[in-house]
Every structure is written in C-alpha cells, then in structure tokens.
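Student: Could we go through this model together, one question at a time?
Tutor: Gladly; here it is.

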Amino acid sequence: MIPACRLADLPRGEAHRLDIDPPVSVFHTDDGELYAIDDTCTHQDASLADGWLEGCEVECPLHASKFDLRTGAVDSPPAKLPVRTHEVVVEDGMIYVRLSTQAPNLPPCVAARLAGGPA
Amino acid sequence: MRTVAVVGASLAGLSAARSLRKRGYDGRLVVIGDELHRPYDRPPLSKEFLAGAIGEADLALERDDEDLRAEWVLGTRATGLDRTERAIRLADGRDIRADGVVIATGAAARRLPGTEGLAGVHVLRTLDDARALRDDLARGGRLVVIGGGFIGAEVAATGYGLGLDVTVIEAAPTPLAGPLGETMGGIVSALHADHGVRLLCGVAVKGLSGDERSEMGVPPDGVWGRVDAVLLEDGRSIPADTVVVGVGARPCVDWLEGSGVALDNGVKCGSDGRTSLAGVVAVGDCASWYDPRTGAHRRVEHWTGAMERPDAAVATLLAHGATQPGVPRPPYFWSDQYGVKIQFVGHAAGADSVTVEEGATDDRSFLAVYRRAGEPVAVLGMNQPRLFTRWRKQLTADPRRFPRSAA
C-alpha cells in the first residue's frame, strides 16, 4: 500500500495527486467518500485532480470527459476508455492506496512518449 | 414519435443521437452526414493529428462497443426540409420522412475567393482537409497562415513544431480581439513572437500568387499550379510553400432556405434549441441559441456546446416543446498552442474590465477575470487548469456568487 496523505489534510471536494508513474489521485467527495483513480485522462494528457468534482463524477479540466469515480467508467466523451480504479484504505487517519494490477489506459500521446515514440 | 432524423453526423449530431437513446426514444433513428466518415473529433485536427502524434483511429468519437441502433446515411448532404411532407431531401434524390428533426449541419470554413484550384492552399475543417494539409506540411518550407484566430494560431504552432518557417497574417490590429478582447488577445497572440513566428497585424490580404501554367490549358486534375506567395494590400509579398486560410466559418443552413425554419446567422433558436417549426430543433455550430445571460442570440462554435447542448434540445423535442427552457452553461473553449493550454469561459464582449488575478502574463501562466459593473462575466486561463476549473465551476453555478478569489 502507498501512503497518500492524512485524511484531515484532504477536505471534501478536493483531490490529492500521488506523483508515481503513472500518477494516481485520491478524491474526497462532498458526501465524504474516498476514491482513487488514475490521474491521467485517457483522452489526452491532463490531470484529473485538477478537474471538476461533482457527486461521484470527475470532469477532466481540459476537454470535459467525465469519469465515474466508483467504476472508472466514461460517463461522457471525448474519452472512450475507462480509468483504472484503486482501493483506498484509511488507517489511523492516514489514507493509503492499493494499486490496481491492471494495465492503465493512457492517452495516445502519453503512451507514445513512454514507448519512446514521438511526444 | 416514430422516426427522428438527425441531420449532421459530427459531435452535435452524435450527442443528439446518444441523448435520444438515453432518454428512452426507441423509434427509428436516422443520422445523415455529408462526409463519408463516422463521427470524429475535430479539435485534434489542428494540433496532435496535424503534428502526427495521433492517428485517425484516435479521432473516432464512438466507442467500440457503442450501438445507437441508428441508420447512418453518410456521404450525402441534405438539400431541403419539406415541412408539409415532414421529409429531409437528400442530394442523392432520396427523401427521409421523419416526425422529429435535429438540425446539426455545422459550419463550413470560409475560403478566399479566387484561390480554388491553386495547390498548396488549404482550409482546415474536416478530416480530409487535415490529411491534405498534413501531407503538405511534411514538405517543410514556408507556411503562411492567413487569420490569427484560434485555428490559425494552432496551425501556426503545429507548423512551428514541425520545423517550418511560419508567418501569421491578421487583418485586425490585434488577433483574437473578438473572443478575448484587445488586451488579452494581444497577450495570447504574443505566443507567436515568443517562438520566433512572425505575426503581421492590421494588414489585409490582396491575393495569392502561384505558378499558373495557363498556356498549358486546364490540367487533368483541375489544379493550375502551386501557390508561391501571399500578396498583401500594402504591396508586400510573403513567400509561401503552403498557405492555410483560417478566416472563420459560416453556418451550413443554405439547405433550410424556404423551409419555414427561421434563420438569422444560423438557425434561430430558443435557449433549448427549439426552432420556429414544431418538431424541429437545432444544435451545434449551425444553431444560434438565445442566451438568457446576455439577452441575445449567439452562435457558439465550441466543442463543449456541441457536446452539452443537444441533450436539452432532445428533451424539448421528445416532450413536443412542453418543457421549460433552462439556462445553458456559459460557453467554454480551450486551445493548445506552443505547449501552452489556453482556456476561456463566458462572454468577453460585455466586459468593462479585465484583471489578472493569479500568476503573471509574462510567464504565460495566469488567470484573468473579465467583469461588467463589478460582476464576473468571463475567465481566461493560460496554463492554469486547476484554478481555471474552480472559477469555471463558480461562474457556471451562479454568476452572482462568484468569489473574489477562488484560490
């Protein structure tokens, strides 16, 4: 498990990004739920932690793709592929993330860069 | 309602088709498109696609597992709407009878008169346009972009990234003054100079010069020769290997003349897309919706509008107009130029002030708020997606409760 941040330091309506590769973000919804998903939008290189959190949905800050925090599913295009979801554990006031073992759905530009192709 | 025809197969048309199914419409659904392609995403055409970073498969808007149970009539344009027969006339002679119609025919790029048939001269609107331009940019050399608007600026930035020698020509004293105002238009268009791209403002284009081999008669492909320079009104001649004309778009509504659908710079609509004809709504770039926030009709040529607004129009269509029109979200658009993310929401036209609230314009990382009589009416961000999203959310939720600082 990877430590993210203290629960007290993540107010409702906010997100915390873990700078791992690929980055993961923990969202604290207005209803008090915690969810972790891949931080990079599957459409293009944008940080979902910078996005618009509403209910259990986050809207990409750039092109308005929407993802369901509970399932990672695309609720609204242009994204077509889901983001991975990760398990969130809170122990002694600390938020931890247990990473998914699935392959991430990175956007074409980022995937090409990681593969050493044109950015 | 037994048949709904969606005329237009780009983002607005696809969004309307999706909303119809999502809202439980189970009847026949016909989607008509003048291009042969299934719906694809246009914003990357001037950026990642043009740069070669993504391919055509990446542009598809539909998911692999998506099935809207629609009949796709592609490669044929609509030529008329017959209100008495309730039919869409197609260019290939067919009629599609429909009791509900969604007009989503978009807009077409304006061209420079007299430039047809000159090789190396492009507009950029469709996938086919982008393919042709990408092939020409691969030749390298000198790119001249006519028009310093967003499409022109993005093409210039992409051309610069591909190593071309780029010049941008803008007829107005300041590019982007319409959407962003003079001050911010000047700041955003300074990105060209930051990268050594020439920007010539306040000068009109007189014409193009090319290698016109007219003595050889009309060649078999109808192409007269290749452009070699852009001629300016002040007498200058700007050498060019490739020219892109980015001087705006006109709504594709000619086919509706005489149909009874009221037109005024596009299809004149209420704030939910309803037109002057019952059972007909209009969405996307061709539709001029009434905006209660400004008290005026406005055609919004933004991706987000084509994405979000069709749902309201479809709700109105399915309820036979018996719905209360809501207030559309303020217009939002983005642009990517030279690696800088530019975002804008709201209406700059009515603003009497604009102030930088965060960051610094010289750093190309800032957030600026436009106000009218002290009330925020628009926000511009450069490389500030997180802060911009907060302000956008506030402006959308309730303009009167817009905070002094959203930080």
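Tutor: Let us start with a definition: a residue is buried if 20 or more other C-beta atoms lie within 10 Å of its own, exposed if 12 or fewer, and partly exposed in between, with C-beta atoms placed from the backbone. This is a predicted model, where local features need pLDDT of at least 70, side-chain atom pairs count only at pLDDT 80 or more, and totals for chains, interfaces and linings use all residues. Residues are numbered from 1 along each chain as its sequence is written, while chains are lettered from A and ligands numbered from 1 in the order in which they are written.

Student: Is R329(B) buried, partly exposed or exposed?
Tutor: R329(B) sits in the loop between α7 and β23 (332-337) of chain B; helices (H or I, at least four residues) and strands (E, at least two) are DSSP runs, numbered from the N terminus. Because R329(B) has 16 C-beta neighbours inside 10 Å, its class is partly exposed.

Student: Which residues does R329(B) touch, leaving out those up to four places away in sequence?
Tutor: Two residues are in contact if their C-beta atoms, placed from the backbone, lie within 7 Å. With that cut-off, the partners of R329(B) are E308(B) and T396(B).

Student: How far apart are the C-alpha atoms of R329(B) and T304(B)?
Tutor: Along the chain these two residues are 25 residues apart.

Student: Which residue follows α4(B) with a positive phi?
Tutor: Its phi is near 90°. The residue is G163(B).

Student: What covers the buried residues of α1(B)?
Tutor: Helix α1(B) spans residues 11-22, and 10 of its 12 residues are buried. L11(B), R18(B) and L20(B) are among them. The covering elements of chain B include β1 (3-7), β2 (28-33), β7 (100-103) and α7 (303-318).

Student: Which strands stand at the edges of the open sheet of three strands in chain B?
Tutor: Two strands pair if DSSP finds at least two bridges between them. The order is β19-β21-β22, with mixed pairing. One side of each edge strand is left without a neighbour in the sheet, because each has a single partner strand; the edges are β19 (267-269) and β22 (296-299).

Student: In which sense do β19(B) and β21(B) pair?
Tutor: Strand β21 of chain B runs over residues 287-291, and V267(B) stands opposite A287(B) in that strand. The pairing has three bridges, and its sense is parallel.

Student: How many residues does each chain give to the contact?
Tutor: The contact joins chain A and chain B. Chain A gives 16 residues and chain B gives 17 residues.

Student: Over which residues of chain B is the pLDDT below 50?
Tutor: The predictor's confidence in each residue, from 0 to 100, is the pLDDT. Chain B averages 93, with 94% of the residues scoring at least 70. The stretch below 50 is residues 399-407.

Notes. Expected span 1.5 Å × (residues − 1).
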